[in-house]
Amino acid sequence: MQATAYTYDPDTRTGQVLLDDGTPMPFDAPAFDAGGLRLLRPGQRVRIETEGSRITLVTLQTF
């Protein structure tokens, strides 16, 4: 699933993404760490994986 990075706190490695319908969805540090990212900027397109209503992976969207 694709989303757009909305907020990111580098100290806690947590934040929110906006789904394509505008719905905000939070992610936690384990989801961020699973993607192997070092930084995330608001506005970046990301790929997310979910388990139920929880994000389990955040990584950069590649085409």
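## Starting from Arg-45

With a relative accessibility of 30%, Arg-45 counts as partly exposed (that label covers the range between buried, under 20% relative accessible area, and exposed, over 50%, using a 1.4 Å probe and protein chains only). Keep in mind that this is a predicted model, where local features need pLDDT of at least 70 and side-chain atom pairs count only at pLDDT 80 or more, while totals for chains, interfaces and linings use all residues. Residues are numbered from 1 along each chain as its sequence is written, and side-chain values use heavy atoms, with hydrogens and water left out.

Arg-45 forms a salt bridge with Asp-20, with 3.0 Å between the closest N and O atoms (the rule asks for a side-chain nitrogen of Lys or Arg within 4 Å of a carboxyl oxygen of Asp or Glu). The two ends come from distant parts of the chain, 25 residues apart: Arg-45 sits in strand E4, Asp-20 in the loop between E2 and E3 (strands, E, at least two residues, and helices, H or I, at least four, are DSSP runs numbered from the N terminus). Asp-20 is exposed, at 60% relative accessibility.

Thr-4 belongs to strand E1, residues 2–9, and is partly exposed at 22%. Leaving out residues up to four places away in sequence, the residues touched by Thr-4 include Val-17, Gly-43 and Val-46 (contact being heavy atoms within 4.5 Å).

Now step back to the sheet. It is open, with five antiparallel strands in the order E3-E2-E1-E4-E5 (strands pair if DSSP finds at least two bridges between them). E3 (24–27) and E5 (54–60) stand at the edges with a single partner strand each, so one side of each has no neighbour in the sheet. E1 and E4 (residues 45–51) run antiparallel and are joined by three bridges; Gln-2, for instance, has Arg-47 as its bridge partner in E4. Arg-47 has a salt bridge of its own, to Glu-49 at 2.8 Å between the closest N and O atoms. Arg-47 is partly exposed at 32%, and Glu-49 is partly exposed at 37%.

What about the inside? The largest nonpolar core has 15 residues, and among those touching the most other members are Val-17, Phe-27, Val-46 and Ile-48 (a core is a set of buried Ala, Val, Leu, Ile, Met, Phe, Trp, Tyr and Cys residues joined through side-chain atoms within 4.5 Å). E1, E2 (14–19), E3, helix H1 (29–34), E4 and E5 each supply at least two residues of this core, with E1 giving the most, three. Ile-48 touches, among others, Ala-3, Leu-19 and Leu-57.

Over on E5, Thr-59 is buried at 15%, and its contacts beyond four places in sequence are Gly-35, Leu-37, Val-46 and Arg-47. Arg-54 pairs with Asp-28 in a salt bridge at 4.0 Å, N to O. Arg-54 lies in E5 and Asp-28 in the loop between E3 and H1, so the bridge ties together parts 26 residues apart in sequence.

One last stop is the loop between E1 and E2, where Arg-13 is found. Arg-13 has a positive phi of about 60° although it is not a glycine. Most residues other than glycine have a negative phi. Arg-13 is partly exposed, at 31%.
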